[in-house]
Amino acid sequence: ERGYRPISYVDQMAIHLSLNGNMILKDSDEGRRQSIKLSTALSFLSSEKAPLETSAVTSGEAEIKEEESTGDTQTEGSRTAEVTEAAEAEEAEEAEEPPRLRVKEKKLANQFNFIERASRTLNNPMRDRACQSEPTPCESFSATANPWEIYDAYVEELQKMERSKAKEKPKAQIAKREEEKKGRKLNSLESQSDDRTKISKTAKIMERVVNQNIFDDIAQDFKYFEDASDEYRDQKGTLLPLWKFQHDKTERLAVTAISWNPKYEDLFAVGHGSYDFMKQGQGMLLLYTLKNPSFPEYVFSSESGVMCLDFHNDHPYLMAVGFYDGNVAIYNLKKATSQPSYKSSAKSGKHTEPVWQVKWQKDDMENNLNFFSVSSDGRIVSWTLVKNELVHTDVIKLSVEGTTMKGPEGLQLQTLGCGTSFDFHKKIDYLFLVGTEEGKIYKCSKCYSSQFLDVFEAHHMAVDSVSWNPYHLKVFISCSSDWTVKIWDHTVKTPMFVYDLNSAVGDVAWAPYSSTVFAAVTTNGKAHVFDLSINKYEALCTQLVVAKKKNKITHIQFNPVYPIVIIGDEQGHVTSLKLSPNLRKMPK
Amino acid sequence: MADTGEGKKEEADYKRLHSFPLIRHTDMPEEMRVEAMELCVTACEKYSTNNESAAKMIKEMMDKKFGSSWHVVIGEGFGFEITHEVKNLLYMFFGGSLAVCVWKCS
């Protein structure tokens with residue numbers, strides 16, 4: 001066996017020699033103790049107390065021996081503590097040196113008598129969060145500062161101040177100056193105003209644009225569509241339905257009056273109320289514009305039904321309104337309130353019966369606004385707006401001839417007829433016509449308050465509407481619930497034309513573009529358009545306008561500019577229709 | 001001679017008349033505007049000969065009161081185009097010939 005022997009598995013470490021040593025680290029527990037013991041033993045040897053020395057030495061030796069024999073530091077530590085205590089007791093009678101050592105021993109014992117302990121708390125998991133604030137809004141601004149600019153600005157300011165001084169009283173001067181300074185900054189302050197008011201104008205435009213989109217085809221028809229088939233229809237025409245206007249709050253209220261605004265040709269007012277004597281509720285006054293068919297521009301509500309309304313020709317923002325309870329009121333559209341600006345009351349002489357029609361007159365001699373109203377209580381009253389109050393003047397009382405009654409004390413009482421409609425002559429200012437419930441039409445003058453100029457035995461039932469021809473100064477038209485429409489010359493007692501329309505006629509209106517065209521609406525939902533120059537006996541167009549059979553048409557009005565008519569019905573809807581070319585022929 | 005005399009008198013007159021602080025353009029809120037205007041007037045009157053010190057005073061006071069960082073330009077003939085934080089601009093005339101522009105932009 002002097003060769004190499006292969007071993008299958010070799011440990012990384014192969015121990016060749018191991019010896020158990022007895023070296024102790026100098027700085028460790030035992031090492032320090034031993035060195036102290038040795039030094040005390042040495043000090044004992046140097047002292048003169050032999051027995052103590054020997055005992056100390058022996059004890060020291062015993063200690064050392066004991067220390068050597070054990071291997072566990074901890075148990076040693078405790079035993080050495082006991083041993084050192086014993087040693088301390090022995091050394092208690094010693095001189096200064098031992099106490100120092102004892103103190104050292106004590107310290108050492110405490111120092112080494114520790115246990116290392118470590119623990120780790122739970123760390124909360126970390127998360128990254130990042131955020132960026134919005135940058136502050138910035139705007140650009142540019143200007144030039146030149147001596148002439150500065151001079152101009154000062155001069156302008158001084159001029160403004162002088163002007164304001166000239167206008168205002170001294171007290172208001174200070175306030176006005178401050179206001180002006182603020183006024184200068186209006187353009188920049190506007191940006192500080194409420195966001196909602198800024199948006200309101202744009203919102204309105206947006207609403208109209210969206211409506212135009214929705215009703216685009218109708219708008220196109222309104223503007224451009226001309227019914228080509230009219231040529232083949234042998235003089236007859238049609239009415240093309242355009243927009244339909246309705247509002248939820250007026251769903252059950254009948255349309256009692258419609259009128260176009262004289263200034264804005266697309267704005268019209270609709271009065272809502274109820275014709276039914278039993279069912280009287282509140283009234284509404286809405287103003288629609290053709291540009292926004294889905295929602296009215298202005299909404300006013302009132303306690304009693306609106307029966308009639310009229311726009312002032314010169315002040316297109318003023319509307320006179322007559323109510324079912326006999327009151328009249330003036331609404332001012334420029335003011336933002338929903339209440340009338342002026343209203344009559346029982347003490348200011350309101351009518352005792354529903355007011356069927358109101359019409360503005362020219363300003364009187366003191367430039368006060370005034371209008372007339374006719375009512376079932378038989379009075380025609382002129383209302384004048386004097387110093388913010390409505391003052392009434394009875395113009396005429398519609399006395400019925402031959403029906404004087406004997407009152408309780410022998411008085412002769414005149415029964416009054418009930419006026420239902422009236423119209424003023426376009427040229428002759430004082431001349432007007434009144435239609436009554438008895439079917440008579442009175443020709444009256446503003447100057448004579450007790451007598452009529454003439455009486456026409458017009459109809460068998462109440463006269464619903466009278467109207468002068470806008471071009472023919474002698475001709476007027478009347479319609480009635482007795483199913484007829486009659487055309488008169490006011491100098492002749494008998495009608496020139498009579499049309500029987502098979503149903504009670506609600507309203508009749510002359511066309512503004514021709515002296516021979518007029519339209520009538522009947523309660524069976526039909527609209528009739530006549531042109532006397534083409535066909536004297538028949539309507540050019542008879543068309544069912546309102547779908548439901550239960551719906552009666554109440555009013556019709558021609559638009560002064562566009563070839564459309566608006567028709568109001570009992571359900572509170574207003575339908576606009578376009579006249580086909582055959583109906584629109586202008587006289588030559 | 002009378003003309004030039006009158007002309008000088010007019011000049012002095014308008015200087016006197018036009019020396020009140022005139023705000024040309026601002027979008028500050030009311031109290032800020034009033035304070036800033038007062039401050040500008042005080043500074044311009046104090047440092048009537050030295051625009052730089054006046055501007056320095058205005059800028060430091062504005063920084064202290066309304067936060068950093070403000071910019072101030074005082075002069076008699078300049079044009080400018082600036083970007084300012086909204087509601088933090090004051091452009092005014094004073095003393096008949098001075099123009100002061102104060103704006104905040106960080």
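A salt bridge is taken here as a side-chain nitrogen of Lys or Arg within 4 Å of a carboxyl oxygen of Asp or Glu. In this predicted model, a search of the whole structure returns 10 salt bridges over all chains.

One of these joins Glu149(A) to Arg24(B), with the closest N and O atoms 3.3 Å apart. This pair crosses between chains, running from helix α5 (residues 147–167) of chain A, which holds Glu149(A), to strand β1 (residues 22–26) of chain B, which holds Arg24(B). Glu149(A) is partly exposed, at 24% relative accessibility, and Arg24(B) is also partly exposed, with a relative accessible area of 40%.

Within chain A, Asp266(A) and Lys291(A) form a salt bridge in which the closest N and O atoms are 3.9 Å apart. Asp266(A) is in the loop between β3 (254–260) and β4 (267–273), and Lys291(A) is in the loop between β5 (283–289) and β6 (298–302), so the contact ties together parts of chain A that are 25 residues apart in sequence. Asp266(A) has a relative accessibility of 13% and therefore counts as buried, the limit being under 20%. Lys291(A), at 45%, is partly exposed.

A further salt bridge links Lys343(A) with Glu303(A), again with a closest N and O distance of 3.9 Å. Lys343(A) belongs to strand β10 (residues 342–343), whereas Glu303(A) lies in the loop between β6 and β7 (306–311); the pair thus ties together parts of chain A that are 40 residues apart in sequence. Lys343(A) is partly exposed, with a relative accessible area of 36%, while Glu303(A) is exposed, at 64%.

Key: Residues are numbered from 1 along each chain as its sequence is written. Chains are lettered from A and ligands numbered from 1 in the order in which they are written. This is a predicted model: local features need pLDDT of at least 70, side-chain atom pairs count only at pLDDT 80 or more; totals for chains, interfaces and linings use all residues. Side-chain values use heavy atoms; hydrogens and water are left out. Helices (H or I, at least four residues) and strands (E, at least two) are DSSP runs, numbered from the N terminus. Buried means under 20% relative accessible area, exposed over 50%, partly exposed in between (1.4 Å probe, protein chains only).
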